[in-house]
Amino acid sequence: MAHDAVLTVSLAIRNAIDKPQTPPSVHAVAAQLYLFDTTNVIRGAGDVFRIDPQTGNRKSTHDPQVVRLGAPPRN
């Protein structure tokens with residue numbers, strides 16, 4: 001989930017930039033987060049998700065799945 005959080009905020013920052021070489025304001029970035037709904041989706045590690053504009057919570061069509069990488073632990 002940390003990957004998806006970093007991806008989401010980096011997309012919001014990128015979309016909030018008005019002029020090149022000028023950092024966006026906090027309010028401009030926050031406003032972008034509420035636009036990730038309906039057709040503006042985020043393709044995260046767990047799958048496509050949206051941000052609910054009313055609550056600010058993640059919305060997706062299914063629950064995220066935990067994926068274990070590497071060899072299974074030995075008992």
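User: Before we start, what does contact mean here?
Analyst: Contact means heavy atoms within 4.5 Å. This is a predicted model in which local features need pLDDT of at least 70 and side-chain atom pairs count only at pLDDT 80 or more, while totals for chains, interfaces and linings use all residues. Residues are numbered from 1 along each chain as its sequence is written, and side-chain values use heavy atoms, with hydrogens and water left out.

User: OK, and what share of the contacts join residues at least 24 apart?
Analyst: Among contacts in the chain between residues at least 6 apart in sequence, that share is 31%.

User: Which elements does the chain have, from the N terminus on?
Analyst: The order is α-α-β-β-β, where helices (H or I, at least four residues) and strands (E, at least two) are DSSP runs numbered from the N terminus.

User: How are the strands arranged?
Analyst: The 3 strands form an open, antiparallel sheet in the order S1-S2-S3, with two strands taken as paired if DSSP finds at least two bridges between them. Strand S1 (42-43) and strand S3 (58-59) each have a single partner strand, so one side of each is left without a neighbour in the sheet.

User: What is the bridge partner of Arg 43 in S2?
Analyst: Arg 43 is bridged to Val 48 in S2, and S1 pairs with strand S2 (residues 48-51) over 2 bridges.

User: Switching topic, how much of the chain is buried?
Analyst: Of its 75 residues, 17% count as buried, meaning under 20% relative accessible area with a 1.4 Å probe, protein chains only.

User: And what does the C-alpha trace span?
Analyst: Along its principal axes the trace spans about 55 × 30 × 20 Å.

Definitions and conventions:
Buried < 20%, exposed > 50% of the residue type's maximum accessible area, 1.4 Å probe, protein only.
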